[in-house]
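Please look at the sequence and the model below.

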Amino acid sequence: MDEATWPIPQAALTLSEAERQKKIREAWERSRRYGVPKDRLPNVSPVPPEELARRKAHNRILLEVAQPFLDHLFEQIKTRFIVVICDADGILLHCRGERLPDPLLAHHTTEGLCWQEKVYGANALGTALATGEPMSMVGREHYCEAFYDMTCAATPLRDMEGRVIGGLAVAAYREEHSPYLLGMVLSTGYAIEQAYLLKSQNLYVTHLFNELVQVSDDPVLICTEEGTIESMNRAARRKFGEHEGASVDRIFSRHNAIAISLREQRSLRDFRETFVHPVTGEAREYLWDTFWLDVKARGVRRLVACARDITRVVELERALKQMERLSVMGRFSAQIAHEIRNPLAIIRLAMQMMKEKGVFVGPYEEKANLIMNELNRITDLVQYFCKFPNRPYPSAAKAMWCSWCRRPAACWKAKWSKRA
């Protein structure tokens, strides 16, 4: 890819944009090594229906949590955009967008097609999966010439351990391009990741017995119909203390899931409670699942209660709400700044014209300069608030510790050499 075909001059790039263009160049190099045809659409077919069904089943939770966000994003855009989600291998699992006869759109809206770089060359979705970072491409930034009339933005989706589990992408014709496209994809991708985390946490143990109960990492208690704790696993002892043989009322309040199940003789699921440890005073958030187990061989009935520690999830929810509040404040600040900018520009222009015509002479010239300085300061402040909601996405970089330490080490070496 030479400078003649490169869409943006290098000198005009900001730091973040230069980094993006560098990653696109690297994607082009990988595309050449893969032998991807540049002058035509690749002749590819979707995976067999059985393989597609298997992949959808494997990514069932991801598709379930992503579906409402995809629908909302598609409805919000309200133009000729295509919204897709894929698995970690780049196989399209779900698409929102009209299936038009255009062969180009068919490649974007056909479930089962693989959008890796080795198939279509450098594209936002394939490059985002290859690098593990968000990516946007417009027009000639794509490797395949057939996509020069397209614009797209994509971001990888990760699980709670940081592993890439899929990707989210939005594509459209080039004339539909918007500088906010990547931001919309990032916010939707973050919401999908948080929903995926919450969904993954919503797993509960249905049949707990003997060793299975003991090895569980979740606290499990078995109580009699009279409210006596008959058994506790190791996790329950660690979190609530040794209370086997004691009454439930001794540990938990009457509003606890176990107390309610005993009192009303019914099962509960996802009952949320804040538990304060009676000794340490530590407050933890738990989701309780309770169910009645009839042991017919012994003719007894027991209540099994399982608790899941969701303290971390609650902290993430609070952080997400705080981010939403800050986002609203940012948009509100930008709107106010935008309303101030127009009359401010008129005032600055009028002052400049009067200064050029020599209206301000003598002692008034110094006051005019003071007014212009203050107008410039207000203009800079307004520009800052206008750009506030569109801050660039943060990127991590390795710190060169050795370069920082090299100069002090050389000074100490020279000093000790002289003493020797």
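Is Gln 265 buried, partly exposed or exposed? The model is a predicted one, and in it Gln 265 has a relative accessible area of 36%. Buried means under 20% and exposed means over 50%, so with 36% Gln 265 is partly exposed.

Gln 265 sits in a loop, with helix 10 (257-264) on one side and strand 8 (268-276) on the other. Its backbone has a positive phi of about 55 degrees, although Gln 265 is not a glycine.

Asp 270 is part of strand 8. Asp 270 is not a glycine either, and its phi is positive, at about 55 degrees. Its relative accessible area is 31%, and Asp 270 is partly exposed.

Glu 317 has a relative accessibility of 29% and counts as partly exposed.

The accessibility values are listed here.

| Residue | Relative accessible area | Class |
|---|---|---|
| Gln 265 | 36% | partly exposed |
| Asp 270 | 31% | partly exposed |
| Glu 317 | 29% | partly exposed |

Which residues does Glu 317 contact, leaving aside its neighbours within four places in sequence? With those neighbours left out, Glu 317 is in contact with Leu 198 and Arg 272.

Notes
Residues numbered from 1 in each chain as written. Predicted model: local features only at pLDDT ≥ 70, side-chain atom pairs only at ≥ 80, totals over all residues. Heavy atoms only, no water. Helix = DSSP H or I, 4+ residues; strand = E, 2+ residues; numbered from the N terminus. Buried < 20%, exposed > 50% of the residue type's maximum accessible area, 1.4 Å probe, protein only. Contact = heavy atoms within 4.5 Å.
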